[in-house]
Amino acid sequence: MKMTLEITAEPLPQDLARVGEGLTAFNDSDVGASGRKTLAVFVRDDAGAIVAGISGYTAWGWLYVQWLWVDETWRGRHIAASMLDAAEREALARGCQAAWIDTFNQTAAKVYQRQGYQPFGTLADFPVGRSRIFLQKKLS
C-alpha cells in the first residue's frame with residue numbers, strides 16, 4: 001500500500017475535521033468521552049463591541065482557557081479576573097474540578113496567580129527570550 005506525506009499551510013477544513021474525528025475516537029476508546037464543550041465569556045461596551053473575552057472549553061473535568069484578551073483601553077479594571085471567575089463558575093456547573101491556562105506574558109501570569117492559579121511547568125524560549133508558563137487551579 002502506497003502512502004504520501006503532505007505538508008500544507010492551508011489545510012482544508014474537512015481534512016482538519018477528519019484528524020479531529022480520528023483523535024476523538026481514539027481518546028474516547030482510550031480514556032472515555034471528553035464531554036468537550038466550548039466556553040466563551042465576552043465583555044461588551046455600551047455600543048455592543050467586544051472589549052474583552054475568554055475562549056476555551058471544558059473537557060474531562062477540566063476548564064482550558066485558550067485565549068484571554070482585554071483591550072488595552074480597558075486593562076487595569078480587573079476585567080480578566082471577572083471573566084476568569086465567570087468561566088470558572090460555568091466550569092464548576094459543568095462538573096469540572098480544575099482549570100489550566102498558559103501564557104508567555106509575565107504580567108498575565110501574575111494576574112492568573114492572583115486568581116489562584118499556580119505554575120506547573122514552563123517552556124524556555126517560547127517565544128525566544130521568553131518562557132511560556134503553564135498554570136493550573138483546583139476549582140472545587
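Contact here means heavy atoms within 4.5 Å. Keep in mind that this is a predicted model, where local features need pLDDT of at least 70, side-chain atom pairs count only at pLDDT 80 or more, and totals for chains, interfaces and linings use all residues. Residues are numbered from 1 along each chain as its sequence is written, and side-chain values use heavy atoms, leaving out hydrogens and water.

**First stop: I54.** Select I54 and show its neighbours. Leaving aside residues up to four places away in sequence, I54 touches L39, A40, V41, V65, W67, L68, M83, L84 and A87.

**Second stop: the core.** Together with I54, they touch the most other members of the largest nonpolar core, which has 23 residues. Such a core is a set of buried Ala, Val, Leu, Ile, Met, Phe, Trp, Tyr and Cys residues joined through side-chain atoms within 4.5 Å; buried means under 20% relative accessible area, exposed over 50%, and partly exposed in between (1.4 Å probe, protein chains only). Elements giving two or more residues to this core include β2 (50-59), α2 (79-93) and α3 (106-114). The largest share, six residues, comes from α2. Helices (H or I, at least four residues) and strands (E, at least two) are DSSP runs, numbered from the N terminus.

Which residues of α3 are buried? Select A108, A109 and Y112. They lie on the same side of α3, because they cover an arc of only 100° around the axis (the arc of the directions from the helix axis to the C-beta atoms). Their cover includes β3, α2, β4 and β6. Turn to the other side of α3 to find T107, K110 and R114 exposed.

**Last stop: I50.** Finish in strand β2, where I50 is found. I50 counts as partly exposed because its relative accessibility is 37%.
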